[in-house]
Amino acid sequence: MTTAAATPQLTADLRAPIDWKLPVVYAVLGVLTLFGFGLFGGAAGRHTVFSFSTGRDFFSVPDLTVSSWPTAVGAGIVLVMMAAAAAWLATRREKPGVWFPVVYGLLFLFAFLTWAGADTGRIPVTPLLAGALALSVPLIFGAMCGLVGERSGIINIAIEGQLLAGAFLAAVVASALRNPYAGLVAAPIAGALVAVLLTFFAIRYWVDQIIIGVVLNVLVVGLTNFLFSTVLTANPETWNARQSLPTVPIPLLADIPVIGPVFFNQTILVYLMYAAVAVIHVLLFHSRWGLRTRAIGEHPKAADTVGIRVNRSRVVNTLIAGGIAGLGGAFFTIGSGLAFGKEMSAGQGYIALAAMILGKWSPMGAVAAALLFGFARNLGNTLSTMGTPVPSDLLLMLPYIVTIFAVAGFVGRVRPPAAAGKPYGAQ
Amino acid sequence: MKLELSGITKRFGSFTANDSIDLVVTPGEIHALLGENGAGKSTLMNVLYGLYAPEEGEILIDGRAVRFSGPGDAVAAGIGMVHQHFMLVPVFTVAESVALGYEPTRGAGMMDLAEARRKVEEISARFGFSIDPDAVIEDLPVGAQQRVEIIKALSRDAEVLILDEPTAVLTPQETDELIGIMRQLKERGTSIVFITHKLREVKAIADEITVIRRGRVVGQAAPESTESELAGLMVGREVHLTTDKEAPEPGDATFSVENLTVVGGGESVLLDDVSFSVRRGEVLAIAGVDGNGQSELAEAILGLVAPRTGRIVLDGRDLGERSVKERLRAGIGFVPEDRSTDGVIAGFAIRENMILDLYDAEPYAKGLSMRPAVVRTEGEKKVEEFDIRLSSIDHPISTLSGGNQQKVVLARELGRPLRLLVASQPTRGVDVGSIEFVHRRIIAERDAGTPCVIVSTELDEVYNLADRIAVMYKGRLVGIVPPDTPRDVLGLMMAGVPEDEALARVESGEDATEISAAEEA
């Protein structure tokens, strides 16, 4: 190598402008906590009970009882101090570690629950978490689908349609065969069929992938609505009878307090989800398939020049991904013990895409994001049934507000696969 | 192995990119394929590498005809290719990049990354490359990325290595190292097909030279041929490689850049405290390897990127708060480096492209209305003046060759009174005949008293135009030197070595390149 000068040092005296975005958000939430939940929260003299127990624990974790007013005020003071610390760091152009927003978020949540539970007195922690996981199931499956697709260069907006198709076929097949497990087999097929259309138009005819995805979503909605109101409603006993996957508690693990009932007393669908996440993570980063998948999503021509068949791999990956999303759709019907209903995926496919972006296209990140969304949604549900002072409609907006903040750049610099959405080869 | 191409013809629609081309590469030979941009060299190599299927002709290896249905077949037959635009995934590590497509596995499809690393280290040691198998591609300098490409080809036992314009992105010293690597490969029996349009390099390294013009082989030449002989073959007529020009008569320094700093995403410093001034009637050429801040400098002058600090002063006025349009109206002529994305609108007619930045100004517009008749007559005058070869001024500009498109851009930018000319890569993708013309026009603009800033990565162009040469490296101005500074000194400066040190090292012979040494001899 020719000698090069060392890494360039800034010769000019210049500094990045101070980034006030996060400190301002911290400060607003801190002040809200201190005054809204604390000082003027009207919780003086009340108590909030966090209950952890369920019926079947080895030993029961005692309930945590806190005095609402001082707790919320105390948490508010700490949050305001943390906001000040973040502002001080910002003036020094530094950023706190990942632990900072996590701790901040948990503390804010704790203060909020303390305040919200002050009227009713009891926050059921375990069902709150278990429900959060359940609501995350279609999001996680959907995010895995989107991730496998985009990592191979195909943007999949049709996750929504794939979830819905999976929910539909799972319900119909399970109902017709009187066997919920048959629905579990059918669901991925429905998702993959949607993916067939997606790849056909996107790869064969270079149709814009976002447009074809949206069109497919509308198509699946129309098709399932039509079949629902004709075939399914005409003979619901045969075609749309409720079938439910039983919960299968895993011995021993299910008996661990709090964690056990949340993670290990679930249906087989949830266990399949754990497996899917683990397998995708390992394969994506440690296998030949993963290396090639990432290559065709980043630089398809480079992959082509080493003999990888770009479009064939893209088709295969998108079909597999479609199957994964279809499986996620099964959650809405057989996974929740419900009959099929019109448009029951209710936009979860789009939230799954948001989870994928928030998770920076990594399986583990997407899972964390999906869990966050699931938790926000379940919190909204739980609080609205508990009858807290906040209007339930506002609470149900929570996941979407979280989504907007999350996707609008609060996750730092994100870089999607470079070739995502770009068709490859000769038309 | 002996490689023969026989009667290769490749057409794209009605355009014949390769017309019955014959080529023989014997074992252990460095075969240069010389031709202008667009002559069909890369097409031919893409045929050889299995990326394009030829309409006619065949490929023979050791006398046997072979058919490649894709690059995989070509690689299996022992052909390796280093593309001009590297085929490397920027976010992969070196080991992953080399393994891609031929992954060592530990069963069940799981990658054996240790084996991939070992392979990189082994080849890297054999040729004395210092490449860390765990480095991420996008963090490596281009020279190192190119070596990764070579490792990639060698790891698949390539016996014929195609290097497509390998020196386009290298400093002279890096080019010298590449030539060393090519010699080493040749000694080990690897044949090399070396695609280039740079005459000096061909003379320095090639055993055999095949010249291609407009898709046809127009001749073979020996490396002993002179540069003007080779250029003549390449272009098809006598060419003047240097522009005749008078000594500059510089006036006042009417344009200056002071402490300009541009910071990109992720706080990467793109321009670092750059200061210089240009006098009237003077060409300041900005030399440097692509991607060292030249583009950002040109864009900052026009106002396309906002500097974090610093001033840009033209005729005593700070341009700081002015919009791009105001700057153009203040008399800045701007030739962008990427003609197809920033210079012309492909679907617009030629006459429309000539007034892209003047469409609402006199005489092309009056009040709210445009004046199509004036646009046409003025356009036709410029076609005449700038010698643009076209069939109709109403045709889309995409129907013109690169050289003629560039003349349209020049006609637009030079066709009005200028106070400053900024031209980036003014002859990139332009045929040799048009290069002469473009250079003459730039010198004419200089002689008319306009300060000119010319950004170029081609040292020949820099020497041809410059009255002073500024060298950039990693966003900094390494130094401003006179136009007679030796090439090797510029080369070292382009790698960040300060002027004094570079001069000393070249004079002591320590860092003089082989090519220069050969020329002096």
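This is a predicted model: local features need pLDDT of at least 70, side-chain atom pairs count only at pLDDT 80 or more; totals for chains, interfaces and linings use all residues.
**Exercise 1. Which residues is B:Glu258 in contact with, leaving aside its neighbours within four places in sequence?**

Residues are numbered from 1 along each chain as its sequence is written, and chains are lettered from A, with ligands numbered from 1, in the order in which they are written.

*Solution.* 
- Start with the criterion: two residues are in contact if their C-beta atoms, placed from the backbone, lie within 7 Å.
- Applied to B:Glu258, this gives B:Ser275, B:Gly310, B:Arg311 and B:Val313.
- For B:Ser275, 17 residues along the chain from B:Glu258, the C-alpha atoms are separated by 4.4 Å.
- Now place B:Glu258 in its element: strand β11 of chain B. Strands (E, at least two residues) and helices (H or I, at least four) are DSSP runs, numbered from the N terminus.

**Exercise 2. Classify B:Glu258 as buried, partly exposed or exposed.**

*Solution.* 
- Recall the scale: 20 or more other C-beta atoms within 10 Å of a residue's own means buried, 12 or fewer means exposed, and partly exposed lies in between; C-beta atoms are placed from the backbone.
- B:Glu258 has 15 other C-beta atoms within 10 Å, so B:Glu258 is partly exposed.
- For context, buried residues make up 49% of the 521 residues in chain B.

**Exercise 3. Describe the side of chain B that touches chain A.**

*Solution.* 
- Count first: 38 residues of chain B are in contact with 28 residues of chain A.
- Next, find the elements of chain B that give two or more residues: α2 (71-76), α3 (94-99), α6 (172-187), β11 (253-263) and β12 (269-279).
- Finally, sort this side by type: 15 nonpolar, 14 polar and nine charged residues. Here Ala, Val, Leu, Ile, Met, Phe, Trp, Tyr, Cys and Pro count as nonpolar, Asp, Glu, Lys and Arg as charged, and the others, Gly among them, as polar.

**Exercise 4. Compare the radius of gyration of chain B with that of a compact globule.**

*Solution.* 
- With 521 residues the rule gives a value near 24 Å, and chain B has 24 Å, which agrees.

Notes. The radius of gyration is taken over C-alpha atoms; the globule rule is 2.2 Å times the number of residues to the power 0.38.
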